[in-house]
Protein chains: 2
Amino acid sequence: MEEFDRIFYPDTVAVVGASNNPVKAGYHITRTMIDEKFKGMIYPVNAREKEVAGLKCYASILDIKDKLDLIVIVVPAQYVYDVFVEADKRGDVKGAIILTAGFSETGDPKLMDLEDRIVELARKTNIRVFGPNCLGIINFDNNLITGFAPGLKMTQRDIGFVSQSGALGSSVLMLAGEQPIPLGFNKWGHIGNMCDVSNLDLLNYFGQDKRINTIGMYTEGVKDGRQFLKSSREVSAQKPVFLFKVGRTHMSKKAALSHTGNLAGSDNLYKAAFRQGGIVRVENMEEMVDSCKASSMLPRAKGRRVCVLTNAGGPGIIAMDEIEKDRYVQLAPVSQKSIKKLSKVLPSMAMICEPNGYIDMTAAAMEYEHTESLKIVLEDENVDAVVLIAIPPVYLNPVSLAKAIEDALEKYNKPVTICFMRSEIMDEARKYLEERDLPTFDTPDRTTRALINVIKASDNLGIEYPENNIIPEPYPKIKNWVKEHRNPFEHEGLKMLKYYGIKTMKNGFASSVDEAIALAKDIGFPVVMKIVSPDIIHKTESGGIQLNIRNEHEAEAAYFAITGIVKRKFPKAKISGVFVAPYIHEGIEIITGMSVDGQFGQVVMFGLGGVTVELFKDVSFGIAPFDRDEALKMIHETKAAELLAGIRGDKPKDINMVADLLVRISELSVANPEISEIDLNPVKITDDGYYILDTRIII
Amino acid sequence: MEEFDRIFYPDTVAVVGASNNPVKAGYHITRTMIDEKFKGMIYPVNAREKEVAGLKCYASILDIKDKLDLIVIVVPAQYVYDVFVEADKRGDVKGAIILTAGFSETGDPKLMDLEDRIVELARKTNIRVFGPNCLGIINFDNNLITGFAPGLKMTQRDIGFVSQSGALGSSVLMLAGEQPIPLGFNKWGHIGNMCDVSNLDLLNYFGQDKRINTIGMYTEGVKDGRQFLKSSREVSAQKPVFLFKVGRTHMSKKAALSHTGNLAGSDNLYKAAFRQGGIVRVENMEEMVDSCKASSMLPRAKGRRVCVLTNAGGPGIIAMDEIEKDRYVQLAPVSQKSIKKLSKVLPSMAMICEPNGYIDMTAAAMEYEHTESLKIVLEDENVDAVVLIAIPPVYLNPVSLAKAIEDALEKYNKPVTICFMRSEIMDEARKYLEERDLPTFDTPDRTTRALINVIKASDNLGIEYPENNIIPEPYPKIKNWVKEHRNPFEHEGLKMLKYYGIKTMKNGFASSVDEAIALAKDIGFPVVMKIVSPDIIHKTESGGIQLNIRNEHEAEAAYFAITGIVKRKFPKAKISGVFVAPYIHEGIEIITGMSVDGQFGQVVMFGLGGVTVELFKDVSFGIAPFDRDEALKMIHETKAAELLAGIRGDKPKDINMVADLLVRISELSVANPEISEIDLNPVKITDDGYYILDTRIII
């Protein structure tokens with residue numbers, strides 16, 4: 001993306017609001033860029049200063065004779081628009097970074113309007129705008145720093161970071177700087193209010209930037225969920241993307257809302273977007289830094305079989321606990337040959353592959369044992385990656401242990417994360433390893449988590465996502481439905497489901513008792529009967545349902561019972577007749593359906609039925625449309641997968657069939673954007689197939 | 001505990017196996033004690049050395065003329081017994097610490113036996129033994145260090161730490177040493193194989209030690225669960241106890257097993273023990289250090305209402321996410337008066353109590369705003385504790401911000417945890433605060449978690465646990481049952497439940513069809529009928545159950561059906577007759593029961609019935625006996641609480657009644673230790689009461 005290249009690699013930068021007063025941001029920005037040796041021209045702009053930080057100061061950007069690529073703006077909000085007027089006059093400015101706060105984030109309509117007018121003017125003149133209310137960007141290639149970064153270590157590496165919070169964006173720099181060797185970045189950006197340039201723009205740019213091989217991202221929400229999914233897929237197939245998303249819960253969402261406007265969507269949908277987009281979610285800033293470090297230093301994993309090699313029991317068990325937390329990776333099935341070799345190398349006290357994949361060398365292991373054991377497990381075809389816990393006991397020199405580890409790792413192209421502990425006395429050894437791109441971590445859990453995240457990211461590399469051009473035709477009747485009423489009758493809805501390849505049971509509509517009895521006979525007893533009325537939505541609560549109707553006599557009685565009760569309760573309701581369908585009692589109850597989300601559009605929901613949904617919130621979502629693989633992942637995200645696979649010796653149900661049902665719903669959802677909601681609740685899954693027992697569609 | 005005082009405060013220590021060879025442990029131990037200036041006499045013992053580290057070396061402890069309080073042993077395993085023989089001869093030794101590995105932890109019967117013989121001899125001579133396979137103890141009062149602690153900072157404070165792992169025990173010292181001001185301990189111990197002195201002994205000793213006000217503990221398991229519960233209660237009522245327990249899952253338990261022998265019990269039972277014992281569980285070593293630091297520095301909390309005061313949105317939201325993770329604390333309902341005051345103090349951009357309890361001062365807040373806001377919320381009666389996120393922006397000097405915070409905190413006796421970020425440039429400010437006992441943390445989540453843990457620990461202080469002397473009489477028939485068979489008939493079991501105040505339904509045993517019909521009529525239809533046979537345990541699988549018997553005719557049919565089917569399937573089974581009880585269909589299905597655990601003895605289980613138990617493992621345990629409060633906590637640990645409270649507008653059920661059922665089961669369990677298992681599955685909870693639908697007792 002050339003337009004961002006011009007902003008991240010400007011020849012000239014004007015600091016509008018540059019100052020000699022150390023309590024002003026304009027002072028720190030100018031100073032920082034000079035101190036960090038930005039490889040370009042800096043032009044301070046401030047009508048009240050002749051000189052700033054030893055540089056000539058200009059009254060206006062119009063006075064700068066040189067060409068002008070980028071302007072950094074720190075003047076108060078009311079003067080910002082004028083800067084863009086001047087930039088418009090110049091015509092050569094490519095980008096603007098507004099650090100000033102006090103725009104749309106205040107919720108004040110006047111200030112929101114001011115922000116809008118600035119963007120409008122900038123668009124006209126082809127200026128891309130970062131902010132307002134941001135720290136802007138850092139480019140470690142040319143030492144461009146538009147914000148201020150006290151304590152920043154300008155180490156260069158291949159990590160790109162996009163932040164929606166200034167404080168968190170800064171903290172990632174601080175935490176990275178505190179690593180045994182300061183962990184470097186290639187580019188960094190804090191996008192503030194995102195009036196123009198968004199976190200997605202930077203994600204895309206960093207995705208295409210060959211100098212970046214790992215991306216970290218902090219977000220409270222995205223403006224366009226669909227676009228986010230698209231960008232995520234494109235980027236995560238190229239390079240690992242680690243994302244820290246906050247605002248999981250109701251209360252924190254409220255806080256996020258007041259902080260970032262209206263971006264905080266349901267965490268459930270973000271979870272779906274991360275899964276479908278190949279994004280690896282991290283839980284805190286330490287995990288972010290750990291994962292970026294591991295990804296930046298390590299080769300990609302070719303599989304999920306992890307060996308835990310430790311010289312201390314307690315930390316080894318902690319690593320095992322971490323592996324089992326999300327069960328994404330598995331313990332490596334180390335070969336008998338390797339086990340034999342290990343038993344020759346290791347002290348007699350060692351516990352070798354109990355359980356398999358877990359090796360406790362014990363504190364008696366010296367340099368030789370570390371080197372040889374590592375070689376043996378790395379050589380093993382059944383091992384894809386290794387967590388090495390090598391906490392040096394007092395009689396083992398940390399640096400000489402580090403060298404022993406380096407010796408073993410030299411020739412194997414498998415990811416290994418290494419736990420020394422955080423401590424001054426480990427620093428030299430850890431530095432030694434990290435200088436050789438062997439990442440070390442503070443604790444066994446973090447060491448293990450970093451490796452798991454690298455494996456997750458590796459799994460997403462190279463994925464070719466299906467093109468979404470398989471959207472079928474809209475349902476012919478949908479236009480009439482829109483005109484007629486907001487919720488089509490159940491028998492009409494079922495016709496639509498059938499049209500899209502969803503299996504429906506024989507069913508029908510009867511407008512008289514005789515028709516109802518005949519229909520029931522035709523369908524075959526037992527049947528259910530439900531009221532059909534444009535005025536009744538909640539059939540159960542209105543008394544409009546009779547279950548398990550076993551014969552003609554009961555059918556007759558059911559007809560009069562339903563129509564009678566509804567008439568009595570809702571005298572004004574127009575009763576069209578009754579809906580008749582088979583009665584199914586057995587089977588596993590699931591619910592599924594779709595709805596339209598403000599950020600993500602059509603999304604499909606899946607979960608176990610019954611009280612489970614409400615109690616355990618055990619549901620998963622998919623952003624429509626999706627394929628069977630994705631639908632299977634949705635199912636496996638819930639406990640329904642276990643139930644469908646058969647517990648207590650039950651016969652396993654056809655999980656692919658259930659997945660296909662979800663795929664069909666996803667397709668019909670995007671084909672018919674008029675539909676705002678579908679509820680199939682419950683659907684019974686039996687050995688024979690699935691049976692949709694209730695269908696509700698809202699247009 | 002005087003005996004441990006004599007070990008932790010010895011006048012003289014012999015190092016048996018002292019050495020001048022730096023690759024030997026005996027070198028490091030002697031050196032460390034000299035370097036760290038142990039306040040007592042050190043006597044190196046080694047027949048092959050004249051002098052070690054400048055001190056005269058003795059051939060045997062028998063040669064030491066001075067009295068001898070403590071011996072530290074690092075000679076190879078085969079020589080250890082002899083040292084105890086010599087100690088026996090001396091008669092004045094109080095304690096021995098065996099660092100040497102290669103005893104019971106190897107699983108080798110010979111070495112296990114050797115360990116046993118050592119303990120036997122030591123008991124005879126009143127010597128308490130730490131280890132083998134341990135680092136021993138550190139006393140920061142007199143600089144006694146029996147292990148080796150490279151990089152250890154001998155800062156003194158009031159924390160006691162007990163570790164079951166040398167590596168983890170050392171790591172807590174390292175992590176503590178890395179705090180802005182090195183966090184000090186009072187005493188520290190690694191107990192190794194626990195051949196004599198156990199982690200519980202140290203817990204008890206630290207509990208009684210007035211110099212210790214906070215205890216941290218790392219464990220993989222305890223030998224005696226009951227004793228652990230008793231000690232936990234005694235100690236946690238006096239001072240906070242934070243515990244890190246690993247080996248949660250099946251695989252990690254296997255690793256723990258091979259590491260520590262057979263101590264790793266079910267994590268579910270440990271969870272119960274922690275809840276009932278007032279122990280605060282932490283999830284990793286960083287949280288351990290954070291919690292110990294916060295607890296050591298802060299006053300106790302008087303309630304759970306927490307205010308989040310932040311100058312940065314992103315970190316504030318992270319704090320909110322953390323609060324909502326376990327919902328132990330709640331956001332403080334800040335008073336209108338305080339809100340008014342805050343709005344006068346804070347910049348117009350600030351978000352004050354949206355939601356209530358959450359205050360984002362924004363980056364525009366300077367020293368004054370921090371001081372005044374803090375004062376306002378601390379003054380508020382509705383606020384019990386504060387998470388302060390005060391990440392200084394570039395134009396705010398960290399130290400001057402720290403001073404502003406100190407000013408506000410001076411006169412309020414409420415716990416406040418403070419988030420600066422981890423970074424060199426924050427170090428001075430963090431040091432300033434921590435020197436004044438104001439704890440600072442690296443990230444907002446850790447800041448919040450530390451405060452929550454202090455609040456949890458505060459809630460356990462001063463608790464007077466009920467004496468367990470309410471155990472009722474054993475059931476009169478139990479002795480007969482033990483003689484007769486392993487599982488009493490259902491009607492007999494129900495009599496026992498009734499004896500202990502558990503509500504049972506009218507029920508009975510019938511040995512003929514006529515008796516069965518008469519009994520059914522007497523009970524009132526509908527009823528269930530079940531086979532009664534000493535040879536049939538699984539009634540459902542054997543075809544021995546008929547449900548929903550609605551009249552005499554069906555009762556007759558059911559009798560013949562049951563007896564006929566069972567006879568056909570199990571021709572040799574002795575059929576005594578049938579059990580008859582009311583048929584109950586409606587209600588919430590729960591399961592409960594008891595079993596006997598190797599470590600914890602009688603434990604009561606509670607959970608939702610149906611597939612939920614298997615799918616979601618949503619069960620909780622209680623160590624018997626317990627009272628209603630504890631039973632309510634058990635229920636609230638599961639989703640059953642929500643269901644019983646009424647979802648979907650259901651009428652709430654009587655949760656106290658359910659709790660009392662659990663209490664009764666807990667009581668009858670301890671009253672009748674002969675019983676190895678009780679299963680009440682299912683129990684239906686209705687608006688009227690509870691109905692036990694199946695009872696199985698195993699003796």
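**Exercise 1. Find which rotation and shift superpose chain B on chain A in this predicted model, and name the resulting symmetry.**

Solution. 
- Step 1. B:Thr612 has the C-alpha nearest the axis in chain B, at 3.9 Å.

**Exercise 2. Describe the side of chain B that touches chain A.**

Solution. 
- Step 1. Count the residues. Chain B brings 69 residues into contact with 69 residues of chain A.
- Step 2. Find the main contributor. Helix α11 (residues 313–326) of chain B gives the most, with 9 residues.
- Step 3. Compare the two sides. Of the interface residues of chain B, 100% are also interface residues in chain A, so the copies meet through the same surface.

**Exercise 3. Where in chain A is confidence lowest, and where is it highest?**

Solution. 
- Step 1. Start with the chain. The mean pLDDT of chain A is 91, and 97% of the residues score at least 70.
- Step 2. Helix α8 (residues 250–260) of chain A is lowest, with a mean of 55. Strand β1 (residues 12–16) of chain A is highest, at 98.
- Step 3. Over residues 259–264 of chain A, pLDDT stays under 50. The model has 20 contacts beyond four places in sequence for these residues.
- Step 4. The model has ipTM 0.91 and pTM 0.93.

Conventions:
Residues are numbered from 1 along each chain as its sequence is written. Chains are lettered from A and ligands numbered from 1 in the order in which they are written. This is a predicted model: local features need pLDDT of at least 70, side-chain atom pairs count only at pLDDT 80 or more; totals for chains, interfaces and linings use all residues. pLDDT is the predictor's confidence in each residue, from 0 to 100. Helices (H or I, at least four residues) and strands (E, at least two) are DSSP runs, numbered from the N terminus. Two residues are in contact if their C-beta atoms, placed from the backbone, lie within 7 Å. Copies are superposed by least squares on the C-alpha atoms of residues with pLDDT of at least 70 in both. Ala, Val, Leu, Ile, Met, Phe, Trp, Tyr, Cys and Pro count as nonpolar, Asp, Glu, Lys and Arg as charged, and the others, Gly among them, as polar.
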